[in-house]
Amino acid sequence: MQLTNRSKQVSNKEMTLAERAYLPAIATGLAITIKHFFSKKVTIQYPEVKRYLGPVFRGRHILKRDAEGRERCTACGLCAVACPAEAISMVAAERVKGEENLYREEKYAAVYEVNMLRCIFCGLCEEACPKQAVYLRHDEFVPVFTERDQVIWGKDLLVEDMNNRYTREAWTKEEARALDAKRASGEVTNVVPRAIP
Amino acid sequence: MDLVEFLVKTVTIVAVFGLTLLIAMYSTWAERKVAGFIQDRSGPNRAGWGGLLQPLADAGKMFFKEDFIPALANKWLFIAGPSLAMLTALLASAVIPFGSTFRIAGHEVALQGVESNIGILYVFGVVALGVYGIMVGGWASNNKFSLLGAIRAASQNISYEVAMGLSLIAILMMSSSLSLGEIVAQQHGMNWNIFYQPLGFIIFITCSFAECNRVPFDLPECETELVGGYHTEYGSMKLGFYLFAEYINMFISSAIISVLYFGGYNYPGMDFVYAQLVKSFGPDLGHNIATLIGTAVFFGKALFFVFFYMWVRWTIPRFRYDQLMNLGWKKLIPLAIFNIIITGAAVLFLKPVITAWLN
């Protein structure tokens, strides 16, 4: 049975003089390596240039606002229930009169905390959310923390900034490349430069 | 010996010493850079511009690691091992002619630590002593793997020294001098020995790979078979000295190769350049500039061979031990003897004919 067409018949024949002299083979090898010496390097210089990880990458959390800038979260607690690492905790509060432009539902999360040491970035909170409020960003990581008080992220870090909204525009590599081209021409500014393989 | 001459010699020797260390230091950087480039990576590029501070960072790390001596090791010999390796590696650079002469206030200063009429013998003597650094260190570690590695290294070095010496004899038959300065001076212009001794050159360079313990002959430090070879028990700067000595050896042997086979500081058209420089800058300054150009050419050749060592390292896999011994004893030594016979015949019969024809 032939599995691949790359298989070679093994032979036990005597080596020729040129093969036994090593030098032609060594010269061939040297030619190959020097070709690689001058070829393009595949390295992506990581902290400066980031690789595009695809639209489904699960990075840091974000609490979305709706089109009018109201927080979508209604503090139902389904994300906290879904969380296998028990990283999410929240305190619910009732919306009072005059806050209709701040919160979309009548109940909202007064406190919403994600413990980034516990979080395993599985994305189950995203799936559990009935209000499409919590997402894991595909373009940003949780930065490295060095102090314990940097571990628990509150609403100040999680809630979306209306001036720099999170959108998942590029779903394919081609779209990501087009977005980078747009950024290079100055049309959009909210895209981080990244290498798209 | 008067004071001026003494001072001049001191300065030359310190300069040669410092230059050797500097080049060896940046060889470690170049090695990693070349390795990266050949493997489609970019190599170290974080410490300084293009990673140029990497050797300093490595040395700093080495110095700050624990200087450990095993309890049952022979303490004095354990320290003597890396010291000997460094000492012998550095000694050899004394007789290498880096250029012709400088004219300073009527004095002719040779760009060479010591002009000795047995220069190449001295190099061979010192290189042969290099085995002791490995052997002493390996034995003093009181570790079976170290000892085995050391024995392998010693037997490899001794085997390849034979073929190396034999390939050199052909050169000596042509130059009829043991002085390195004399051998270089005879290769004036483009009259390089490589054109007369291609076979000798291949044997010599193969043997120098083995002498420097470089791939494909780096069996002494063959990790898969011997843990870490003769420096299994070594750490900190003592290990650093062993590794550093390898790079010094590499530069020295590259310099020797370029002196013996590639005409050292000679390059085609050097007489024309010399005449032009003397005409435009006067006999003293013109001579000095011509010497500097020659020295640059010499370093270009030597550094190319350092690059060649690295190039080969990242191309060829390691030989098996029996293959190594077969190559050394059964192939290189007979070939070297054959080369001597051919050279002898050529010197005896062909040379008079060619000389007569040229005249």
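These legends describe close-up views of a predicted model. Local features need pLDDT of at least 70, side-chain atom pairs count only at pLDDT 80 or more, and totals for chains, interfaces and linings use all residues. Residues are numbered from 1 along each chain as its sequence is written, while chains are lettered from A and ligands numbered from 1 in the order in which they are written.

**View 1. The annotated cysteines of chain A.** An unreviewed UniProt entry places the feature "binding site" at Cys73(A), Cys76(A), Cys79(A) and Cys129(A). They span 57 residues in sequence, yet no two of their C-alpha atoms are more than 10.5 Å apart, so they gather at one spot. UniProt positions follow the numbering used here, feature names are shortened, and annotations may be inferred rather than shown by experiment.

**View 2. Cys73(A) and Cys76(A) in their loop.** Cys73(A) sits in the loop between β2 (61-63) and α3 (78-82) of chain A. Cys76(A) is also found in the loop between β2 and α3. Helices (H or I, at least four residues) and strands (E, at least two) are DSSP runs, numbered from the N terminus. Cys73(A) is buried, because 27 other C-beta atoms lie within 10 Å. Cys76(A) has 18 other C-beta atoms within 10 Å, so Cys76(A) is partly exposed. (Buried means 20 or more other C-beta atoms within 10 Å, exposed 12 or fewer, partly exposed in between; C-beta atoms are placed from the backbone.)

**View 3. Contacts of Cys73(A).** Neighbours within four places in sequence are left aside. Cys73(A) is then in contact with Leu63(A), Tyr108(A), Ala109(A), Tyr112(A), Lys131(A), Ala133(A) and Val134(A). (Contact: C-beta atoms, placed from the backbone, within 7 Å.)

**View 4. Helix α7 of chain B.** Helix α7(B) covers residues 198-211 and has 14 residues. From its first C-alpha to its last it reaches 20 Å, close to the 20 Å expected at 1.5 Å a residue. (The expected span is 1.5 Å times one less than the number of residues.) α7(B) is mostly covered, with 10 of its 14 residues buried. Among them are Phe201(B), Phe204(B), Cys207(B) and Phe209(B). The cover includes α4 (119-140), α5 (144-175), α9 (236-260) and α12 (321-358) of chain B. Asn213(B) follows α7(B), with a positive phi near 55°.

**View 5. Confidence in chain B.** Chain B averages a pLDDT of 87, and 99% of the residues score at least 70. (pLDDT is the predictor's confidence in each residue, from 0 to 100.) Among the elements of chain B, α7(B) has the highest mean pLDDT (91) and helix α8 (residues 223-226) the lowest (66).

Note on methods: Contact = placed C-beta atoms within 7 Å.
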